[in-house]
Amino acid sequence: MINLDDVEKVREIDSMNSLSATENYDLQFEEAINIAQNFEIDKPNRIFQEIVVLGTGGGSSVAAGLLRSYLFDELNIPVIINQGYNIPACVDKDSLVLAISHSGNTEETLSAYEQAVKAGAHIVAVTAGGKLKEMCQKDNVPCLIIPYDIGHPRRDIGYIFVPMVVILSKLGLIEDKTEDLKSLVDLFGDLKNRYGADIPTKQNEAKQIAAELHGHIPLVYGSLDYYDSVAWRIKNQFGENSKLMAFYNVIPNLHHDEAVGWDMPAELISKFYLILLRDDELDSPKIKKRKDITAEMLSSRMGKVRQVYAEGPNRLCRMFSLVYLGDFITLYAPIYRGVDPTPVNIINLFKQKMAEA
């Protein structure tokens, strides 16, 4: 195993500087705020019935999930996350469609975009270029351009999430969130001094968890109303960064079905490492009690139960404090095994085979 306190070796294994890009989330989010605030968009003369986000993967679709959770009790219309080739029948002239693709070439998003145009929806796109930018220019669709070369193609959560928040504010669907976003930038600045590669394992919770979960299957439990998408994000990052199959579920839902699976054979359930997402401020008393009971019951069954706690002055910060911790954990986990977190060979192979079909 690699000594995670050997910073030179850690950064050597990380061939495309994913850790550095993550350490610089404060700079990315700050730049994203400036880009989004300078984006000019007119308020349409219509009342939207739903927001439909076209996007796939751990960036676009998860960012939409985080948006939905963050605005859970403020948005008075539903947010539909559309990850496939086709759009639902409800999309029409009264729909706000956000087409999100960093590369601008995501085939599912491009297919859904074309259908949204035909349906007469009000569309706003966020992309770095590619075919989506070209299609928007042709269709006269507002398109917010984000940086393409950010040092790592999958460390783009700020360039995706922040524009969606600002766009909704500019359209009058939510209040201005500038102060929340700025406080998040400050929080990232603080947390990178606790989770960054230069911080020793004894003081670094991300490194501790990455080493502890070695040899186990990661399982992430979030909760409603705000930590379902955070758990989803961390689960996805285990797959993409750590090259590990991982799973997630949501409290209280999982207590009505998945919990029965806790009675699986001991030799199987002992292979799981549970990361339980907690928030002493946002979790309701009933959710707190459910999490307490979950941790108590599983501590003697699973290989390890690790409870991690949100922090920060507001809901946005508290949610992203755990997103940030998860991103670091999922980068250190493969490095601990001597594996580069950057390559996505399986995804590239799949795209190659799709192109051959």
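I began with F328, which is buried, with a relative accessible area of 0%; buried means under 20% relative accessible area, exposed over 50% and partly exposed in between, with a 1.4 Å probe and protein chains only.

I noted that this is a predicted model, in which local features need pLDDT of at least 70 and side-chain atom pairs count only at pLDDT 80 or more, while totals for chains, interfaces and linings use all residues. Residues are numbered from 1 along each chain as its sequence is written, and side-chain values use heavy atoms, with hydrogens and water left out.

**Entry: the chain**

I looked up the secondary structure and found 14 helices and 9 strands. Helices (H or I, at least four residues) and strands (E, at least two) are DSSP runs, numbered from the N terminus.

I then checked the radius of gyration, which is taken over C-alpha atoms; the globule rule is 2.2 Å times the number of residues to the power 0.38. A compact globule of 357 residues would have a value near 21 Å, and the 20 Å of the chain agrees with this. Along the principal axes, the C-alpha atoms fill a box of roughly 55 × 45 × 45 Å.

I recorded that 54% of the 357 residues count as buried. Of the contacts (heavy atoms within 4.5 Å) between residues at least 6 apart in sequence, 79% join residues at least 24 apart.

**Entry: aromatic pairs**

I read that a pair of aromatic rings is described by the distance of the centres and the angle of the planes. Rings of Phe, Tyr and Trp (its six-membered ring) pair if their centres lie within 6.5 Å; planes under 30 degrees apart count as stacked, over 60 as edge-to-face and the rest as tilted. By this rule the count comes to 14 aromatic pairs.

I examined Y25 and F29: their ring centres are 6.1 Å apart and their planes stand at 45°, so this pair is tilted. Both residues belong to helix α3 (residues 25-37), where they are 4 residues apart, about one turn of the helix. Y25 is buried at a relative accessible area of 1%, and F29 counts as buried at 1%.

I returned to F328, which forms a stacked pair with Y332, at 6.1 Å centre to centre and 25° between the planes. F328 and Y332 lie in helix α13 (residues 315-336), 4 residues apart, about one turn of the helix. Y332 is buried, at 0% relative accessibility.

Finally, I traced a cluster in which ring pairs link Y25, F29, Y70, F161, F188, Y195, F320, Y324, F328 and Y332.
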